[in-house]
Amino acid sequence: MSVEQAPVQRADFDQVMVPNYAPAAFIPVRGAGSRVWDQAGRELIDFAGGIAVNVLGHAHPALVGALTEQANKLWHVSNVFTNEPALRLAHKLVDATFADRAFFCNSGAEANEAAFKLARRVAHDRFGPEKHEIIATVNSFHGRTLFTVSVGGQPKYSDGFGPKITGISHVPYNDLEALKAQISDKTCAVVIEPIQGESGVVPADVAYLQGARELCDKHNALLIFDEVQTGVGRTGELFAYMHYGVTPDILSSAKSLGGGFPIGAMLTTEALAKHLTVGTHGTTYGGNPLACAVANAVLDVVNTPEVLAGVKAKHQKFKARLEQIGEKYGLFTQVRGVGLLIGCVLSEAWKGKAKDVFNAAEKEGLMVLQAGPDVVRFAPSLVVEDADIDEGLDRFERAAAKLTQG
Ligand SMILES: *Cc1c(COP(=O)(O)O)cnc(C)c1O
């Protein structure tokens, strides 16, 4: 039984939505695997993955099954009660990682908000109020709440909203000497994205993360990895910290964790978790049964040797072809990133024009992403089929050819 709905068009966006986004001209209405169809029935290949979210593509049978099964059982109980999917998910994450404890929320920003509040609370309890400073990196992105934009290293997102959260400093990324110069016994936490996602797909050096770990230990500061974009298989390991072999004290996850259903998680150790005593933090929807049922299914599929090895193989396929295309058309100078988080750095001639590449790709039936104005980003499904990779990159090459031929 379906109720007739009033027709809507892209133009409605400009009438009824807050204008903080500028979405593309078409409206996707349906997806299957790595293909998406718009209102007019046009088919596109999806290498954007909903910004590194749709980790198993669209309408994956395991996720649809988990969601519909849970939808017929129990939607929501709040945290006045716990629920089975949340407990199963916490067990799975604890078993698979360094962590002993999980806190669930609904987004990456909330996972980071919890991480930052936990770090400050731990320092407050153990050392007193003086030790509250957070060191983050220039150009980092941690979400859009006031605390997370204040920690994020992009003033364009934090300026103009009144006083920011204080006690936060920013040091250049991948610069261990700068971190060493800034860290002190007042530092409660150092926050790092193992690969800076939004600001251009910039992977950390192993020595940088190792050095950050040592500096944190020396100064009784906590090391927080923001793995909202890099987590849940994206790098070919379950979390990027495993790829690097450097273990954080607190880890935030979201995006891919729900495969398209909103969920976030903060993972930490027993010793730290105990500082968030009853009533110190919370969220009504956190650990929602629907979200947790889907995330359980995501982990069951993603955290397998086949899928994780597939990510590494697909990386090679993307990288080889993208380097070829970049060279042939003089479009980019470098293809970087790990696993299926890939950034193409535009050449001098195309600097600042990632949006033009995005538009050209869309015209050829391909969804890609930008990561700032100078980088074209690919964050497809981890199980994108090889045939879809080939066809999608054929479309991308056509876009590159048309764009560069004017
Ligand atoms: C997307 C992202 C966030 C914010 O997640 P939301 O779900 O949009 O709140 C935080 N950190 C990183 C590294 C991200 O990529």
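Predicted model: local features only at pLDDT ≥ 70, side-chain atom pairs only at ≥ 80, totals over all residues.

A: A residue counts as buried when its relative accessible area is under 20%, and as exposed when that value is over 50%. H142 counts as buried because its relative accessibility is 2%, under the 20% limit. H142 is found in the loop between strand 5 and helix 6.

What does the side chain of H142 make a polar contact with? The partner is the side chain of D226, at 2.7 Å. Leaving aside neighbours within four places in sequence, H142 is in contact with a list of residues that includes G108, A109, N112, F116 and D226. That list also includes T148, V151, G152, V191 and E193.

Now follow the contact to D226. D226 is found in strand 10, residues 222-226. D226 counts as buried, because its relative accessibility is 5%. A second polar contact involves D226: its side chain is joined to that of N112 at 2.9 Å. Not counting residues up to four places away in sequence, D226 touches N112, F141, H142, I192, E193, P194 and S252.

Next, the UniProt record. An unreviewed entry places the feature "binding site" at G108, A109, F141, D226, E227, V228, Q229 and T284. These positions span 177 residues in sequence, and their farthest two C-alpha atoms are 24.9 Å apart, so they do not all gather at one spot. Of these residues, T284 is included in the lining of the second largest pocket.

G108 is another position from that record. G108 is found in helix 5, residues 108-127. G108 is buried, with a relative accessible area of 14%. Beyond its neighbours within four places in sequence, G108 is in contact with H142, V228 and A254.

Is R144 buried or exposed? R144 is exposed, because its relative accessible area is 55%, over the 50% limit. R144 lies in the loop between strand 5 (133-137) and helix 6 (146-151). Not counting residues up to four places away in sequence, R144 touches A109, V149 and Y157.

T283 is found in another stretch, the loop between helix 11 (270-273) and helix 12 (289-302). The side chains of T283 and N106 are joined by a polar contact of 3.3 Å. T283 touches N79, F103, F104, C105, N106 and E110, not counting residues up to four places away in sequence.

Terms used:
Residues numbered from 1 in each chain as written. Heavy atoms only, no water. Helix = DSSP H or I, 4+ residues; strand = E, 2+ residues; numbered from the N terminus. Buried < 20%, exposed > 50% of the residue type's maximum accessible area, 1.4 Å probe, protein only. Contact = heavy atoms within 4.5 Å. Polar contact = N/O pair within 3.5 Å; in protein donor to acceptor, adjacent residues only side chain to side chain. UniProt positions renumbered as here; feature names shortened; annotations may be inferred. 1 Å grid on protein atoms, 1.4 Å probe; cavity = no way out; pocket = protein on both sides within 12 Å on 5 of 7 lines; lining within 4 Å.
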